[in-house]
Amino acid sequence: MSDKDKAMAYWKANVRLILISLVIWAIVSFGFGIVLRPLLSGIAIGGTDLGFWFAQQGSILVFLGLIFFYAFRMNSLDRKHGVDEE
Amino acid sequence: MDQFTLNLVFVGATFALYIGIAIWARAGSTSEFYAAGRGVHPVTNGMATAADWMSAASFISMAGLIAFGGYTASSFLMGWTGGYVLLALLLAPYLRKFGKFTVPEFIGDRFYSQTARLVAVACLIIASVTYVIGQMTGVGVAFSRFLEVSNTTGLLIGAAVVFAYAVLGGMKGITYTQVAQYVVLITAYTIPAIFISLQLTGVALPPIGLFSEYTATGEPLLARLNDVVQDLGFSAYTLQDTSFLPMLNMFLFTMSLMIGTAGLPHVIIRFFTVPRVADARWSAGWALVFIALLYLTAPAVGAMARLNLVDTIYPNGATEQPIAYDERPDWIKNWEITGLLKFEDKNGDGLIQWYNEGNATFGETAAERGWQGSELTVNNDILVLANPEIAGLPGWVIALVAAGGLAAALSTAAGLLLAISSAVSHDLIKGAINPKISERGELLAARIAMAVAIAVATWLGLNPPGFAAQTVALAFGIAAASLFPVLMMGIFSTRINNHGAVAGMLAGLIFTVVYIFLHKGWFFIPGTNSFPDTIAGSLFGIQSTAIGAVGAILNFAVAYGVSKVTADTPQEIKDLVESVRVPRGAGSAAADH
C-alpha cells in the first residue's frame with residue numbers, strides 16, 4: 001500500500017469511529033434526554049423517570065466514556081496504520 | 001474571626017497564590033505567550049480547560065437556573081458538556097496538528113483567504129468581548145457582597161490581578177493560575193453541596209443524593225420537591241412539556257450550546273498547549289472529567305436549594321401558613337441588602353407568601369387564602385452563593401465560596417482576554433498590518449494588546465451595557481453559526497473553498513445576529529424588536545437563544561453550495577488538509593516556530 005492509500009484507510013476508519021460515537025452521543029442526550037423521554041417514563045428512578053436522569057446526569061457520564069473510548073481507539077488506529085507520533 | 005476577616009483571608013490567600021504563579025511562569029517567547037511552549041501535560045491542560053470554561057455563569061448562575069427551571073434547564077447541563085465530545089472528535093486533535101497559534105490563523109490558511117481570516121477575527125472578538133463582560137460584572141458582584149468594598153474597587157483589584165499573570169505570563173501564566181483556580185472553585189462548589197446532601201438525604205455524594213430519599217419524610221427527594229412546588233402553583237420540577245414546539249426548542253437550544261461550546265476560540269486554543277495530537281484527545285477527556293465534577297453536582301445543588309428554600313419559607317409545609325417577615329433567618333437579611341432578594345408585603349399580614357402568581361388556576365386558591373400576589377422575588381444568582389448560609393454552614397465555607405466565585409470569573413476572563421489579544425497581535429498586526437514584525441516586537445505587541453483588552457473589559461464591567469445578560473446568547477450564537485461549521489468543514493472536506501467558507505460564515509453570522517436582534521431588539525435596545533422572544537410569538541416558533549443551531553446548518557449549506565459552483569481548492573490546500581488529518585509530524589510542526 002502506498003502512503004496515500006494508507007492515509008486514506010486510516011481516515012476512513014477514523015470517520016467510521018466518529019460516526020458511531022456521535023450516534024451514541026445523540027441518542028443519550030437528544031434521544032433519551034429529550035425526544036424519547038416520554039417512552040422511558042415507565043422506568044422509575046429515585047422519584048422520577050429514566051429520561052430525567054439521562055438529561056441531568058446520564059448523558060454527561062456517557063459523554064465522558066465516549067471521549068476516553070475515542071482517544072483509546074484512535075491511539076491504536078494511529079499505531080495500526082503507522083501514523084502515530086514518534 | 002468574624003465573617004469579613006475570614007472572607008478577606010481566603011480571597012487574599014488565593015490572590016497571593018495567583019500572583020506567585022505569575023512571577024514564576026513568565027513568558028519569554030511568542031510560543032510561550034500564545035501556547036505555553038506546547039509543553040503542558042494533558043491532565044494539567046484538562047484542569048486548566050475546566051477552569052477556563054467554567055465561568056461565573058457555571059459557578060454562580062447555573063444551579064439557580066436549574067433550581068427554578070427544573071427539567072427544562074437540563075439543556076445547560078447537556079449542552080455545556082456535550083460540546084466537549086464534538087471538540088474531542090471533530091476539532092481539537094486536528095487543530096493541534098495544524099500547529100499554529102490562533103483559530104483565525106487556521107481559517108485563513110486552510111481557506112487561503114485573508115478575508116476569511118479577518119471575518120473569523122471579527123467573530124472571535126464579538127463573541128469573546130460579549131462573554132468577558134459577564135465575567136467582569138461577576139467579579140464586581142462577588143467583591144461587593146463578600147468584601148464590603150464598592151463594585152468599582154472590587155473590579156479594579158480583580159483586573160490588577162489578571163493583569164499581573166496574563167500580561168507577564170501569557171498562556172503560560174494563565175495555564176498554571178487556571179489550575180490553581182480550578183482547585184479553589186471545585187472545592188468551594190462541592191463542600192457546601194456535600195453538607196447539604198448529607199442534611200437532606202444522609203448521602204454524602206450530591207449526585208446520588210439527588211435520586212435518594214428525603215430523610216425528613218422518607219419519600220424520594222425529587223417526588224417531595226414535585227409535591228411542594230405544585231402546592232404553590234409552580235409546575236412540577238421534573239415535568240417535560242411534550243408538545244412539538246417546546247420540545248423542538250429544547251432540542252435546538254441544547255444543540256446551539258453544544259456546537260457553540262465547541263466553536264468558542266478561548267476553549268479551542270487551550271488544546272494548542274499540549275505536546276502531541278494524542279494528548280489533545282486525552283486532554284479533552286480530562287477537561288470533561290474536571291467539568292463533570294461540577295456539572296454532576298449542580299443539578300443536586302439546584303434541587304436541594306429549591307427544597308430548602310420552600311422549607312424555609314413554609315416550615316409547616318407548603319399548604320400551611322408561611323413564616324412571618326420578622327422571624328426571617330439571617331441569610332435573607334444579608335441578601336436583602338444586595339437587592340437580589342426582595343420582599344414586599346402586598347396583603348399587609350406580615351407573612352412571606354411566595355407562590356406562582358402567573359398560574360390562573362392556583363390564583364383562586366391564593367385569593368381564598370387572602371394572598372394578593374407573590375411577595376418574595378429571588379434572583380437565580382444568589383442560590384449558590386447563599387447556599388452555605390441557608391444550610392447554616394460555618395463561616396469558613398462562606399469565605400471559600402467567595403474565593404471560588406472569584407476564581408471561576410477570573411479564570412474565564414483571562415482565557416477570553418488571551419484569545420482576544422492573540423487575535424489582535426498575531427492575526428491583525430503580524431498577519432495583516434506588519435508581517436515582517438520581529439519575534440520580540442510581536443511579543444511586545446501581544447502584551448500591549450492584552451493590557452488594552454483588560455482595560456476595555458474593565459471599563460465594560462464598570463459600565464455594563466443594559467443588555468449584558470442578553471449577550472451570552474449572542475456569543476454562543478456566533479460561535480455556533482460562524483466558527484464551528486467552517487472549522488469542521490476545513491478538516492472534514494477538501495472541497496470547501498475560500499468563497500464557500502466566507503459565504504458560509506457570513507450567512508450563518510448575519511442570519512443568527514439578525515434573528516436575535518429581531519427578537520431581543522436591534523443592538524439590544526428595548527422596544528426595537530419585531531417579535532416577542534417567546535416560543536409562541538417568535539418568527540419561526542424558535543426562541544432566539546436556540547437559533548444558533550439553525551444558523552450553523554445554514555452556514556454548512558451555503559458553504560457547500562457556493563463551493564460547488566466555484567473553482568476547486570488548489571492541490572497544496574488538499575495536501576494541507578491531508579497532513580492535518582494524520583497525527584505523525586505534530587512535533588516537528590511545533591518546532592517550526
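In chain A, where is confidence lowest and where is it highest? Confidence here means pLDDT, the predictor's own score for each residue, from 0 to 100. In chain A it is lowest in strand β1 (residues 44-45), at a mean of 88, and highest in α2(A), at 95. Helices and strands are DSSP runs numbered from the N terminus, where a helix (H or I) has at least four residues and a strand (E) at least two.

This is a predicted model, in which local features need pLDDT of at least 70 and side-chain atom pairs count only at pLDDT 80 or more, while totals for chains, interfaces and linings use all residues. Residues are numbered from 1 along each chain as its sequence is written, and chains are lettered from A and ligands numbered from 1 in the order in which they are written.

The model scores ipTM 0.96 and pTM 0.92. Chain A has a mean pLDDT of 92, with 99% of its residues reaching 70 or more. For chain B the average is 89, and 97% of the residues score at least 70. Within chain B, helix α21 (residues 548-565) has the highest confidence, at 96, and helix α23 (residues 586-591) the lowest, at a mean of 52. Over residues 588-593 of chain B, pLDDT stays under 50. Where pLDDT is low, the predicted coordinates should not be read in detail.

Turn now to the fold of chain B. Its secondary structure comes to 23 helices and two strands. The radius of gyration of chain B is 25 Å, close to the 25 Å that the globule rule gives for 593 residues, so chain B is as compact as a globular protein of that length. This radius is taken over C-alpha atoms, and the rule is 2.2 Å times the number of residues to the power 0.38. The C-alpha trace of chain B spans about 75 × 55 × 40 Å along its principal axes. Of the 593 residues of chain B, 58% count as buried. A residue is buried if 20 or more other C-beta atoms, placed from the backbone, lie within 10 Å of its own; it is exposed at 12 or fewer and partly exposed in between.

Ala399(B) counts as buried because it has 24 C-beta neighbours inside 10 Å. Leaving aside neighbours within four places in sequence, Ala399(B) is in contact with Leu6(B), Asn7(B), Val9(B) and Phe10(B). Contact means that the C-beta atoms of two residues, placed from the backbone, lie within 7 Å.

In all, 38 residues of chain A are in contact with 44 residues of chain B. On the side of chain A that touches chain B, α1 (3-35) and α2 (50-80) of chain A each supply at least two residues. The most comes from α2(A), with 17 residues.
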